Amino acid sequence: MNLITGTVCMKGICGTLNKKEETEMELLSLSAVELSAAIREGKASAPEAMEAVLAQIDRTEEIYHCYVTIDRDGAMARARQAQCRIEAGELTGPLAGVPMAVKDNLCTEGMLTTCSSKILENFVPTYTAQAVRNLENAGAVLIGKTNMDEFAMGSTTETSCFGPTRNPRNPGYVPGGSSGGSAAAVAAGECFFALGSDTGGSIRQPAGYCGVVGMKPTYGTVSRYGLVAYGSSLDQIGPLTGNVSDCAAVLEAISSHDPKDSTSVERQDTDFTSALTADIAGMRIGIPKDYLREGLDQEVKAAVLRAAEALRERGAVVEEFDLGLVEYAIPAYYTIAAAEASSNLERFDGIKYGYRAPGDMGLHSMYKKTRSQGFGPEVKRRIMLGSFVLSSGYYDAYYLKALKVKAMIKKAFDQAFAGYDLILGPVAPTTAPRLGESLGDPIKMYLGDIYTISVNLAGLPGICVPCGRDRDGLPIGLQLIGDCFQEKKILRAAYTYEQAQYAECKE
């Protein structure tokens with residue numbers, strides 16, 4: 001924020017503001033943790049913070065289209081309730097009173113959950129996802145639901161039936177996907193943090209494209225209860241935030257063992273904010289040579305290597321090594337993800353909930369018309385691919401082989417982590433593409449996930465932090481990957497790099 005004689009420029013919105021608007025902009029310039037501290041100290045209030053966010057949404061949402069649903073009245077009511085609980089001493093955590101957004105594939109009781117698909121255009125759940133509930137219990141205040149690729153199938157947030165979201169760094173470009181609405185909302189100041197889901201990079205890649213922080217935790221760390229499933233063995237909920245400190249605070253709040261999720265893990269080491277120390281002396285960081293070869297944009301490569309050098313200067317041991325199997329990750333991932341999607345999406349048939357094709361017809365005709373009209377092209381493509389690889393005669397040739405490759409990829413990472421604490425690389429081969437560029441070439445869109453999908457196949461944690469911009473001013477994302485349950489190492493390295501960047505900016 002530049003506050004000079006009443007002139008403010010923030011998130012691309014410039015102009016002369018009145019006193020109330022100046023106060024709103026000052027609130028929006030705070031991080032989530034800083035805002036909560038100000039509210040708990042009586043310097044601001046939860047309703048004031050919500051009013052500031054809603055005013056920002058009024059200024060920018062028509063341009064960026066980050067949200068599918070904005071619950072204005074409900075958000076203000078929840079903010080007032082949070083304020084009362086803060087004043088009563090019931091809410092004392094680092095997210096109390098902070099406005100948040102949630103990706104529209106996370107169920108919210110009494111609020112539309114559409115997965116950005118026509119087939120769920122009228123679906124209102126009777127329960128709330130456990131990760132969202134954990135944040136509400138921590139005092140965070142829900143604004144609404146963010147736009148996404150339909151059923152999380154896409155990398156640009158252009159497959160949404162509600163239209164695309166635009167990148168706040170440049171509206172002519174995509175924000176990434178599938179959690180593009182959440183990443184864009186954080187980048188645009190339309191929330192202080194957001195939740196996304198990551199099946200093959202759907203948190204980290206949009207974080208990289210939008211210049212924010214995004215983290216995918218170890219599989220099982222965050223309950224998947226209430227998450228509309230895409231690939232059940234790959235999906236994981238995680239935070240999108242403005243900085244690493246906020247990321248640690250949100251991750252700490254949403255992590256919990258949940259008996260309602262059979263894959264949920266009981267952990268005792270989820271005090272992630274304790275890892276926020278700028279000390280990586282002796283930490284061993286490996287850079288896969290495979291990640292730096294053909295296909296990687298030279299500006300992205302240079303930015304990632306500069307980040308690696310910054311970590312080396314702060315005491316880390318950084319070197320290149322051979323990871324292997326990178327070229328097999330994409331076919332294995334899309335085979336497994338499509339197979340699981342074809343199974344998970346068979347429940348959307350127009351019988352119990354969601355869209356139903358109009359007209360009098362027999363049961364099978366109703367199924368066909370409902371699914372034909374309700375699903376978009378990318379979802380249909382993946383359902384058909386998944387049904388094919390699971391069909392008789394092809395199961396062993398494709399699906400079973402993909403599972404074997406998945407096990408080999410996990411073994412390759414295990415061998416890498418025997419020698420390194422973390423793995424460093426780019427989030428995506430390029431910066432954000434222009435709107436409309438990717439939809440005509442699905443294979444090119446799939447190849448854009450080459451650096452992120454292995455993390456999901458192996459169930460590992462990974463984070464994206466901004467590490468520069470290209471010649472067009474578009475953000476470049478740095479990815480740090482850790483072994484299972486090593487989020488603290490990742491956060492410590494990410495925080496160290498972020499602090500180094502802040503120090504460099506001050507100079």
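Of the 156 residues in the largest nonpolar core, which touch the most other members? They are Leu135, Phe151, Ile463 and Leu491. The model described here is predicted.

## Overall build

The chain contains 16 helices and 13 strands. For 507 residues, a compact globule would have a radius of gyration near 23 Å, and the chain agrees with this at 22 Å. Along the principal axes, the C-alpha trace spans about 70 × 60 × 45 Å.

Buried residues account for 59% of the 507 residues. Among the contacts with a separation of 6 or more, 74% are between residues 24 or more positions apart. The accessible surface of the chain is about 19400 Å², and carbon and sulfur atoms hold 50% of that area.

## The sheet

Eleven strands form an open sheet with mixed pairing, in the order E3-E5-E4-E6-E8-E7-E12-E13-E11-E9-E10. Strand E3 (67-70) and strand E10 (317-321) are at the edges; each has a single partner strand, so one side of each has no neighbour in the sheet. On average, neighbouring strands are turned by 30° against each other, direction ignored.

Met100 has Phe193 in E6 as its bridge partner.

## Helices on the sheet

Helix H3 (residues 46-64) packs on the sheet and touches E3, E4 and strand E5 (141-146). The direction of H3 makes about 20° with that of E5. Helix H4 (residues 72-87) lies across E3 and E5, and runs at about 155° to E5.

## The nonpolar cores

The largest nonpolar core has 156 residues. Helix H10 (residues 326-344) gives the most to this core, with 10 residues. Phe151 is one of the members that touch the most others. Leaving out residues up to four places away in sequence, Phe151 touches Cys115, Ser117, Ile119, Leu120, Val228, Tyr230, Leu345, Phe348, Phe375 and Val379.

Another core, of 6 residues, lies apart from the largest one. Its members include Tyr209, Ala428, Ala432 and Leu474.

## A residue in a loop

Thr221 sits in the loop between strand E7 (213-216) and strand E8 (236-241). Is Thr221 buried or exposed? Its relative accessible area is 1%, so Thr221 is buried, as the cut-off for that term is under 20%.

Conventions: Residues numbered from 1 in each chain as written. Predicted model: local features only at pLDDT ≥ 70, side-chain atom pairs only at ≥ 80, totals over all residues. Heavy atoms only, no water. Pairing = 2+ DSSP bridges. Helix = DSSP H or I, 4+ residues; strand = E, 2+ residues; numbered from the N terminus. Axes fitted to C-alpha atoms, helices over the stretch in contact; angles between N-to-C directions. Contact = heavy atoms within 4.5 Å. Core = buried A, V, L, I, M, F, W, Y, C linked by side-chain atoms within 4.5 Å. Buried < 20%, exposed > 50% of the residue type's maximum accessible area, 1.4 Å probe, protein only. Rg over C-alpha atoms; globule rule 2.2 N^0.38 Å. Areas by Shrake-Rupley, 256 points an atom, 1.4 Å probe, with all protein chains shown as cover.
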